[in-house]
Amino acid sequence: MLRFVVRAFVSQRSLFNSIHQLVSSTRFTTFSDFRCSANAPDFLSATQYCDYLEAYTTQFDLWKHIRLSTRVTSVRRHREGHIVTYTRPGGFIEEWFCDAIAICSGLHVLPNMPSIQGIEHVPIVMHSSEYKLKNQFGMNKNVMILGTGETGMDISLFAVKSPTKSVVLCHRDGFMCVPKAS
Ligand SMILES: Cc1cc2nc3c(=O)[nH]c(=O)nc-3n(C[C@H](O)[C@H](O)[C@H](O)COP(=O)(O)OP(=O)(O)OC[C@H]3O[C@@H](n4cnc5c(N)ncnc54)[C@H](O)[C@@H]3O)c2cc1C
């Protein structure tokens, strides 16, 4: 039988601060070999989904393969394989030899801040990646959110539920927003 040693390196897990509730249904988001219980809500909250992923990791004994808060800093060829260099928590630098690498670094690591004329006159401008807590909206402030993707919609919801004065959600092309069934 062929056996593989797999290691997953993950540098951060910041997305969940800006997610209120998943937009994909529980049934379609969970893995077929590990479903949520029948009485789980149709749409999981970010916390419930984190709990689900942790339970999945435990169920299939995957924790030993995962290195959290570990940033891969370089990859170089070595003989028939590759050497991965990574930085562990505390700044410890280590290397690992492997035969194959899958790079799944996602879309959300580098913020894309558009250049908008006059934006320098707005007292506080923040990219969604900097959003962590509701108190960042302040008290009695007028908040404008640019973009109506998943992040824009979720952050708007947090803003509306905060002690803001007004919340304006902007889009450039129009969009369709359909309420969830539950
Ligand atoms: C606000 C919001 C809400 C969403 N809601 C849903 C939803 O309800 N349902 C759904 O199905 N999808 C949803 N999505 C989309 C979903 O999050 C993405 O499709 C999914 O996360 C993509 O997975 P990924 O593994 O490709 O990348 P990511 O989830 O972005 O994972 C990439 C990982 O790579 C790590 N990484 C990057 N560089 C390095 C490095 N040098 N060393 C080590 N690690 C590194 C990052 O830290 C990160 O953990 C949502 C997205 C957003 C922004």
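Colleague: What pattern does the protein chain follow when read along the sequence?

Modeller: In this predicted model, the order is β-α-α-β-β-β-β-β-α-β. That comes from three helices and seven strands.

Colleague: Why is the protein chain called more spread out than a compact globule?

Modeller: Set the value against the rule: 2.2 Å times the number of residues to the power 0.38. For 182 residues the rule gives 16 Å, while the radius of gyration of the protein chain is 21 Å, well over that, so the chain is more spread out than a compact globule. The box filled by its C-alpha atoms, taken along the principal axes, is roughly 60 × 45 × 30 Å.

Colleague: And how many of the residues count as buried?

Modeller: The share is 7% of the 182 residues. To be buried, a residue needs 20 or more other C-beta atoms within 10 Å of its own.

Colleague: What makes the largest nonpolar core a core, and which residues are in it?

Modeller: Its members have to be buried residues of the nonpolar kinds listed for a core, joined through C-beta atoms within 7 Å. Six residues make up the largest such set: Phe 137, Val 143, Ile 145, Ile 155, Phe 158 and Ala 159. As a general background, nonpolar side chains tend to be buried together in soluble globular proteins.

Colleague: Which residues is Phe 137 in contact with, leaving aside its neighbours within four places in sequence?

Modeller: Phe 137 is in contact with Val 143, Ala 159, Ser 162 and Thr 164. Contact here asks for C-beta atoms within 7 Å.

Colleague: Which domains does the assignment give, and how far apart do their centres lie?

Modeller: The assignment gives domain 1 (8-98) and domain 2 (119-170). Their C-alpha centres lie 28 Å apart. The contact takes six residues from domain 1 and ten residues from domain 2. On the domain 1 side, the touching residues are two nonpolar, four polar and no charged.

Colleague: How do you know that both domains contribute to the shell around the ligand?

Modeller: At least three residues of the shell come from each of domain 1 and domain 2. In total, 23 residues surround the ligand, and the closest are Leu 22, Ser 24, Ser 105, Gly 106 and Glu 150.

Colleague: Which helix gives the most to that shell, and how do the shell residues divide?

Modeller: H3 gives the most, with three residues. Ten of the shell residues are nonpolar, nine polar and four charged.

Note on methods
Residues numbered from 1 in each chain as written. Predicted model: local features only at pLDDT ≥ 70, side-chain atom pairs only at ≥ 80, totals over all residues. Near = placed C-beta within 6 Å. Helix = DSSP H or I, 4+ residues; strand = E, 2+ residues; numbered from the N terminus. Nonpolar A, V, L, I, M, F, W, Y, C, P; charged D, E, K, R; others polar. Domains from an automatic or database assignment. Contact = placed C-beta atoms within 7 Å. Buried ≥ 20, exposed ≤ 12 C-beta atoms within 10 Å, placed from the backbone.
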